[in-house]
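Visitor: Hi, could you walk me through this structure? I'd like to start with the surface and then go on to the details.

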Amino acid sequence: QVQLLESGGGLVQPGGSLRLSCAASGFTFSTYTINWVRQAPGKGPEWVSAIRPAGGATWYADSVKGRFTISREDAKNTLYLQMNSLQPEDSGLYYCARDGKSAGELDYWGQGTQVTVSS
């Protein structure tokens with residue numbers, strides 16, 4: 001079955017960096033657009049970034065543009081998110097999610113990894 005497993009979250013000071021990973025299994029990873037979505041406590045989900053198959057086009061939310069970099073390693077079925085210059089407002093649960101068949105649909109999600117930015 002389709003599985004997405006995030007890792008790499010933790011506690012970091014403002015201005016610091018983290019690298020998140022998402023290990024995929026149960027589907028042909030290299031043929032799907034994969035997304036990062038985050039959710040802060042008490043708020044709705046916020047789309048963060050996406051990357052097309054074969055390391056193609058990437059997209060970022062304005063709130064993270066220039067600070068975050070999405071990448072993928074298809075040989076390892078793994079998605080990454082390099083996060084630099086982290087700020088407290090970047091705190092939240094970070095999920096990877098697979099594009100579904102319909103536009104805007106995310107059909108499978110991981111369980112999330114917690115990122116906390118605090119001094």
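Guide: Happy to! A word on terms before the surface: accessible areas here come from the Shrake-Rupley method with a 1.4 Å probe. This is a predicted model, by the way.

Visitor: Good to know. How much accessible surface does the protein have, and what share belongs to carbon and sulfur atoms?

Guide: The protein's accessible surface is about 6100 Å², and carbon and sulfur atoms hold 48% of that. As for burial, 41% of the 119 residues count as buried.

Visitor: And how many helices and strands are there?

Guide: The protein has 0 helices and 11 strands. Following the sequence, you read β-β-β-β-β-β-β-β-β-β-β.

Visitor: What about the radius of gyration against a compact globule?

Guide: A compact globule with 119 residues would have a radius of gyration near 14 Å, and the protein's value of 13 Å agrees with that. Along the principal axes, the C-alpha atoms fill a box of roughly 40 × 25 × 25 Å.

Visitor: What share of the contacts comes from residues 24 or more positions apart?

Guide: Counting contacts with a separation of 6 or more, 51% are between residues 24 or more positions apart.

Visitor: Switching to charges: how far apart are the mean positions of the positive and negative ones?

Guide: There are 10 positive and 10 negative charges, and their mean positions are 3 Å apart.

Visitor: Now aromatics. How many pairs does a search of the whole structure find?

Guide: The search finds 3 aromatic pairs. One to look at is Y95 with W109: the ring centres are 5.7 Å apart and the planes meet at 75 degrees, so this pair is edge-to-face.

Visitor: Where do those two sit in the chain?

Guide: Y95 belongs to strand β9 (residues 92-99) and W109 to strand β10 (residues 106-109), so to speak two distant parts of the chain, 14 residues apart, linked by the pair.

Visitor: Is Y95 buried or exposed? And what about W109?

Guide: Y95 counts as buried because its relative accessibility is 15%, and the cut-off for buried is under 20%. W109 has a relative accessible area of 39%, which makes W109 partly exposed.

Visitor: Which residues do ring pairs link into a cluster?

Guide: That cluster is made of F27, F29 and Y32.

Visitor: Back to β10 for a moment. What is D107 in contact with, beyond its neighbours in sequence?

Guide: D107, which is found in strand β10, is in contact with R98, D99 and G100 once neighbours within four places are left aside. D107 counts as partly exposed, at 26% relative accessibility.

Visitor: Last one: where does G56 lie?

Guide: G56 is in the loop between β5 (45-51) and β6 (58-60). G56 has a relative accessible area of 35%, so G56 is partly exposed.

Note on methods:
Residues numbered from 1 in each chain as written. Predicted model: local features only at pLDDT ≥ 70, side-chain atom pairs only at ≥ 80, totals over all residues. Heavy atoms only, no water. Helix = DSSP H or I, 4+ residues; strand = E, 2+ residues; numbered from the N terminus. Rg over C-alpha atoms; globule rule 2.2 N^0.38 Å. Buried < 20%, exposed > 50% of the residue type's maximum accessible area, 1.4 Å probe, protein only. Contact = heavy atoms within 4.5 Å. Lys, Arg positive; Asp, Glu negative; His and termini not counted. Charge placed at Lys NZ, Arg CZ, Asp CG, Glu CD. Phe/Tyr/Trp six-rings, centres within 6.5 Å; stacked < 30°, edge-to-face > 60°.
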